[in-house]
Amino acid sequence: MKRLNKVFALMISASLFAATLVGCSSGSKETAGNGSAGYPEKAIEFVVPFSAGGGSDIMSRTMVKIINDNGWATQPINVINKPGASGSVGYSYVAEKKENPYYIATVSSNFYTAPLLGNSPVSYQQFEPVCGLAMDTLALYVKADSEIKDVKQIVEMSKANPVSLSIGGTGGTSDDALLYHMMQKQGDIKLKYVPFDSGGAAMTALLGGHVDMVWSNPGEALNQVEAGKAKAIAVASAERIPGLESVPTLIEQGMDAELSNFRGIVMPKGSSPEAIKYMEDLFKKVHESEAWQKDYVEKNSVTPVFLNREEFGKKIIEVSDNYLEVFNETGATKK
C-alpha cells in the first residue's frame, strides 16, 4: 500500500511539473506575441499613409534598404502604402492595431494637422512615439520653362487675375496646404489649390501642365530638377537649405512665412516598451549610418535630428501646438 501511494505521489508530481512547463511555454509565447520577450517574431508592417513617390515613402524605403543591406533586423520590415484622406486612412489603420507592435508608421505633417481640423478620427494620443529622425521643409517648384521666376511675380499675376494660378499639393491638412494659405494671406492674393494623393502625383501634374506650381519636398523633385524639367523658386524654411543654396526663402522674397516638418516613427498605443526600444535602437543605427547621410539627408536636403522615444513624444506635442497656432493665424481653422 505504501509503495502504491508512493507511485501515485510521483505521478502527481510529474503531472504538476509538466503543467508548469506548459504554462510557462504558453505565457512566453503570448508575451512575445505582444512585443515583449522575443520581439520581433514575425514580419513588421511599415505603413506609409500616402502613395508611392512622396516624401514619407522615400524616407521609409531608404531606411528599410539600409536596414536590409546591413542585416540589422531579425525579421522582415515591409513597406505598405495606404493612401487616402490626406493620410487619415493609413493612420487610422495603424491606430486600430492597438497593443500590436508589428505595425509602425511614418510621421509627417498630416499626422499633426488632420486631427486639429477634425479631418481624422485619430490623433497622436492613439500612438506610441518611437523616434524623431529629420527636419524637413518644402520648396516651391514650377516647370523649367515657366514664365514664373519668383514669388513677387506670383503676387503680381494673381492680383491682376485672381485664382488664375494653381498650386498642387497633398491635401487640405498638409504643409503645402498651409503654405498655400500663408501665401494668400501674406500676398493678399487668391490662388487655386488642387489636391493629389502624394507629392509624386502633384509633381507629375506640374510636369503635365495641369497645375502652375507645387510645394514639394526637395527629394521628391530632385530627379525632375536634374532632368531640367522643373526648377525651385522659393523654400519655406527660415534660412536657405543645403542643396538649394541659390534658392531664396519666402522671407527673403517679402513673405513673413516659414514652415518645417518634423519626420519620425510611431507605433500603435499600448505597444510594449521592449518592442518600442527595439525599433528605437534600430532606427538610431540608421540615423548614425553613412548611407543615411548620403542616400537620404544629402539627396533630400533635410536636417538630420535624432530624438529618442521620450524626446520625440514631447516634440510631437510641441509641433502640434505650433500647427494649431499657424492654423489660427492663417484662418485655416474651421470656425
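User: What share of the contacts in the protein chain with a separation of 6 or more comes from residues 24 or more positions apart?

Analyst: Such residues account for 78% of those contacts, where contact means heavy atoms within 4.5 Å. This is a predicted model, in which local features need pLDDT of at least 70 and side-chain atom pairs count only at pLDDT 80 or more, while totals for chains, interfaces and linings use all residues. Residues are numbered from 1 along each chain as its sequence is written, and side-chain values use heavy atoms, leaving out hydrogens and water.

User: How many helices and strands are in the protein chain, and what part of its residues is buried?

Analyst: The chain has 11 helices and 11 strands; these are DSSP runs numbered from the N terminus, H or I over at least four residues for helices and E over at least two for strands. Of the 335 residues, 50% are buried, a label for under 20% relative accessible area, with exposed over 50% and partly exposed in between (1.4 Å probe, protein chains only).

User: Why are α2 and α10 called roughly antiparallel?

Analyst: Helix α2 (residues 55-70) and helix α10 (residues 290-300) pack at about 165 degrees, with axes 10 Å apart. The axes are lines fitted to C-alpha atoms over the stretch in contact, and the angle runs from 0 to 180 degrees between N-to-C directions. Under 35 degrees counts as roughly parallel, over 145 as roughly antiparallel, 65 to 115 as roughly perpendicular and the rest as oblique. The two helices are therefore roughly antiparallel.

User: What is the hand of that crossing of α2 and α10, and which residues make the contact?

Analyst: The crossing is right-handed, the name used if the near helix is turned clockwise from the far one by less than a right angle, with anticlockwise giving left-handed. On the α2 side the contact involves I58, M59, T62, M63 and I66, and on the α10 side A291, W292, D295, Y296 and N300. By class, the contact holds seven nonpolar residues, two polar and one charged. Here Ala, Val, Leu, Ile, Met, Phe, Trp, Tyr, Cys and Pro are nonpolar, Asp, Glu, Lys and Arg charged, and the others, Gly among them, polar.

User: What makes α7 roughly parallel to α8?

Analyst: The axes of α7 (residues 199-207) and α8 (residues 218-226) cross at roughly 30 degrees and come within 9 Å. That angle makes α7 roughly parallel to α8.

User: Why is the pair of F262 and F312 called tilted?

Analyst: A pair of aromatic rings is described by the distance of the centres and the angle of the planes. For F262 and F312 these are 6.0 Å and 35 degrees. Rings of Phe, Tyr and Trp (its six-membered ring) pair if their centres lie within 6.5 Å; planes under 30 degrees apart are stacked, over 60 edge-to-face and the rest tilted, so this pair is tilted. The pair links distant parts of the chain, with F262 in strand β10 (residues 260-268) and F312 in helix α11 (residues 309-330), 50 residues apart. F262 is buried at 4% relative accessible area, and F312 is buried at 0%.

User: What makes W292 and Y296 a stacked pair?

Analyst: Their centres are 4.4 Å apart and their planes 20 degrees apart, and the pair is stacked. Both residues lie in α10, four residues apart, about one turn of the helix, and both are buried. A search of the whole structure finds 12 aromatic pairs. Y91, F111, Y112, F127 and Y323 form one aromatic cluster.

User: How do you know whether E99 and D188 are exposed or partly exposed?

Analyst: E99, at 47%, is partly exposed, whereas D188, at 61%, is exposed. E99 sits in the loop between α3 (88-95) and β3 (103-107), and its phi is near 70 degrees, positive in a residue other than glycine. D188 is in the loop between α6 (175-187) and β7 (192-195), with a positive phi of about 55 degrees.

User: Why is V64 called buried?

Analyst: V64 has a relative accessible area of 9%, so it is buried. V64 lies in α2 and, leaving aside neighbours within four places in sequence, is in contact with F46, I77 and V79.
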